[in-house]
Structure formats: structure tokens, C-alpha cells
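Colleague: Could you take me through one part of this model slowly, as if I were new to structures? I would like to see how a single piece sits among its surroundings.

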Amino acid sequence: MSGLAKLGKRVSEMGFNSGGGIVNWFPGHMAAATRAIRERLKLADLVIEVRDARIPLSSANEDLQCVLASKRRIIAMNKKDLANPNIMHKWVQHFDLFKQDCLSINAHSRSSVSQLLALVELKLKEAISREPTLLVLVVGVPNVGKSALINSINRIAASRFPVQEKTKRAIVGPLPGVTQDIAGYKIANQPSIYVLDTPGVLVPSIPDIETGLKLALTGAVKDSVVGEERLAQYLLAVLNSRKAPLHWERLYNEKVKESLDGSSGRKENMFGDALSKRRKRLNRSDVSYIEDLAEEVQQTLYATFVEFDGDVEEESELESLIDKQLTALQKSFRIPPKASDEARTMVSKKLLALFRMGKLGPFVLDDLPDSCKPIT
């Protein structure tokens with residue numbers, strides 16, 4: 001059993017989850033959207049189910065799986081640039097083993113989306129010969145990148161097919177649940193192929209605490225529903241259980257060398273401005289600063305990990321390490337002394353932002369199931 005699998009069994013009992021309970025976020029529009037999606041699934045010739053490559057199983061909407069299993073379906077594991085490439089091919093093999101078409105993609109990459117479209121055309125080849133109009137439905141939980149994928153498909157289709165109408169752009173936002181209406185986009189003529197983008201919908205209840213935390217950590221659930229500090233503690237629990245900080249030894253040694261050489265310098269804190277406005281394009285100085293800051297965070301996590309003389313397999317000791325790391329990160333993020341709760345929240349928000357940008361490294365949070373088990 002892997003470190004993360006062990007963590008999953010005990011996560012609900014760890015101190016940071018006390019009083020937190022299970023993770024549920026089901027706004028009113030999701031109930032109506034779920035009903036609308038079910039109706040449109042009956043008409044769909046093919047379904048692209050978008051999942052987050054970092055959580056290939058946890059990002060599946062369990063309420064729709066029975067319906068999706070009876071349709072032509074492609075599982076598009078998006079955000080592959082944020083997932084560990086050494087593991088992603090094993091997930092593709094896993095789905096292939098159960099005769100399920102699967103592709104890891106980056107919705108912002110033209111070549112990646114073109115590969116997906118080629119698979120869509122292949123899957124629709126028989127239907128194209130019989131039907132004048134075909135419908136492709138894109139579904140997925142919030143914030144897995146459905147709208148970004150739709151926009152990329154439209155750009156590619158506009159150059160490939162003689163589309164007569166001006167296509168619309170799907171709304172892309174930094175918060176989950178932005179797309180609240182089902183809208184259609186014509187991507188081809190002769191035959192006419194329409195792609196429908198749908199709102200991200202979750203199941204009404206997420207009974208497994210770790211699944212809920214993974215969904216929140218990757219942005220499918222609003223941070224405020226779970227709490228930023230609780231999410232940051234879960235992230236640190238994952239990193240420490242996997243001994244991820246040990247991978248950052250080189251960075252720490254470089255920092256020590258710089259310190260001895262007297263060449264170490266610090267930049268002013270622009271982190272809040274650079275990351276809080278997620279829609280604003282970062283300029284070169286912002287990017288450089290974030291890279292430097294990410295390295296300092298990794299150095300801090302390495303130092304606290306190797307200096308810790310406890311056993312991370314013991315829950316109480318792991319919680320103690322996490323507490324020390326959150327305190328140490330306050331200095332790394334240049335957060336001035338202030339009320340403990342406020343400082344912890346600021347540290348947590350910045351740490352989560354770095355993780356979601358992939359600056360702490362590529363991760364796959366789900367464990368591969370045993371090959372003999374059926375997939376969902």
C-alpha cells in the first residue's frame with residue numbers, strides 16, 4: 001500500500017479534519033444542470049468526459065458513470081502538464097485495459113487538442129456515414145478545463161472546416177462552476193458536428209473525505225467550502241507522506257552555498273498581487289519572482305522535513321511536522337507577524353496557489369487501482 005493510500009485511510013481522523021466533516025458543494029444550478037445533461041446525453045453521438053489528470057478517478061462524476069458507460073466515450077485527462085509524466089502513461093494503459101478510450105491532454109496546446117479531435121473523428125467514423133448531424137457532449141466536474149478545451153476546439157475547427165457561422169467562445173474563469181448554461185458550438189459542416197459545453201457538476205454528496213479534499217485541492221470545489229488552512233494541511237500531509245521534500249535537497253544545498261558566499265538576496269513580496277488576480281497575464285518579472293519563491297518554499301519544506309526527528313507514519317507526529325512547516329513558511333512568504341489565524345490563512349492561500357500552478361512539481365494524487373478491479 002502506498003503512502004497516499006495509507007493517508008487516505010487515516011485522513012478523516014487527523015487533527016486538521018476535526019469538525020471539518022465531509023466535503024459537499026452542490027449549488028442550486030447544479031441540480032438543474034445535471035438534469036439537462038442527462039437529457040442531452042440521450043442525444044449525444046459521442047461524449048468527451050474531461051477529468052483532471054492529477055485525479056483521474058476522483059474527478060469522475062459518479063452519478064453519470066452508468067449513463068456514460070453505455071455511450072461512445074473518450075476520457076480526456078486534462079492538465080497533463082501538472083501531472084507526473086512518469087505515471088500518466090500507466091493511467092492510459094489502465095483505461096486501455098478495460099477497453100476505454102483515454103487520452104492525456106493539455107487543453108491549451110493545439111497539438112494536444114488536435115490529437116483528441118483525431119480520436120473523436122475516428123470514433124464517429126461509422127456514424128458520419130449515416131447521420132447528417134452529429135452531437136458531441138463535453139462533460140466533467142467543475143474546473144477540469146472543459147471550457148478551455150471547447151475554445152481550443154473552436155480555434156482548430158475554424159481553420160480546418162468551412163464553418164459558416166461565427167463561433168462563440170466558452171466562458172473560462174478561475175473559479176469552479178462558472179459555466180451555468182449548456183451552450184452549443186458548431187465546429188464543422190458536411191456533416192454538421194456540434195460540440196456542447198456543459199456546466200461542471202458534482203454529485204450532491206461526496207461521502208469519501210479524501211476524494212472531497214482532492215477535488216478541493218485541484219480547484220473543483222471552492223476553497224471557502226473546505227477552508228484554505230485545511231486544504232494546505234492536507235497538501236502538506238500528501239507531500240510529507242510521499243517524502244516529496246527530499247527531492248528538493250539540491251535546491252537547499254544551493255541556498256546554503258549562496259548564504260556562505262554572501263550572494264543570497266531577497267526580492268520584495270509581489271506574490272499576493274501576482275497570484276490573487278489569476279486572470280491577469282503575468283509579466284516576465286512576475287514569472288521570475290514566482291519561480292524564485294517556489295524554490296524558497298521547496299527549500300523550507302526540505303529543511304523542516306530533514307530536521308524533523310519524528311515518524312511521518314504516525315498521525316500525531318505528522319500533524320506536528322505540518323504545524324512546524326506552516327510556521328516556517330510564514331517567513332518564506334514574507335508575511336509579517338500578525339494574528340496566528342490570519343497568518344495561517346495567508347500562508348495557506350499562497351501555498352495552494354503554487355501547487356495549482358505546478359510550481360511545487362507535477363503530481364498525480366490518485367493511486368492506480370489494482371488491475372483486476374473494474375474502473376469508474
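Modeller: A residue is called buried under 20% relative accessible area, exposed over 50% and partly exposed in between, with a 1.4 Å probe and protein chains only. This is a predicted model, where local features need pLDDT of at least 70, side-chain atom pairs count only at pLDDT 80 or more, and totals for chains, interfaces and linings use all residues. Residues are numbered from 1 along each chain as its sequence is written, and side-chain values use heavy atoms, leaving out hydrogens and water.

Let's look at helix 15, residues 340-356; helices here are DSSP runs (H or I, at least four residues) numbered from the N terminus. Its buried residues include Ala343, Val347, Leu351 and Phe355, and also the charged-type names Arg344 and Lys350. After the helix comes Gly358, with a positive phi near 80°.

Now for its neighbour. Helix 10 (residues 228-241) packs against helix 15 at about 55°, their axes 8 Å apart; axes are lines fitted to C-alpha atoms, for helices over the stretch in contact, and angles run from 0 to 180 degrees between N-to-C directions. The two helices are therefore oblique to each other, since angles under 35 degrees count as roughly parallel, over 145 as roughly antiparallel, 65 to 115 as roughly perpendicular and the rest as oblique. The contact residues divide into 7 nonpolar, 2 polar and 5 charged; Ala, Val, Leu, Ile, Met, Phe, Trp, Tyr, Cys and Pro count as nonpolar, Asp, Glu, Lys and Arg as charged, and the others, Gly among them, as polar.

Key. The expected span of a helix is 1.5 Å times one less than its number of residues.
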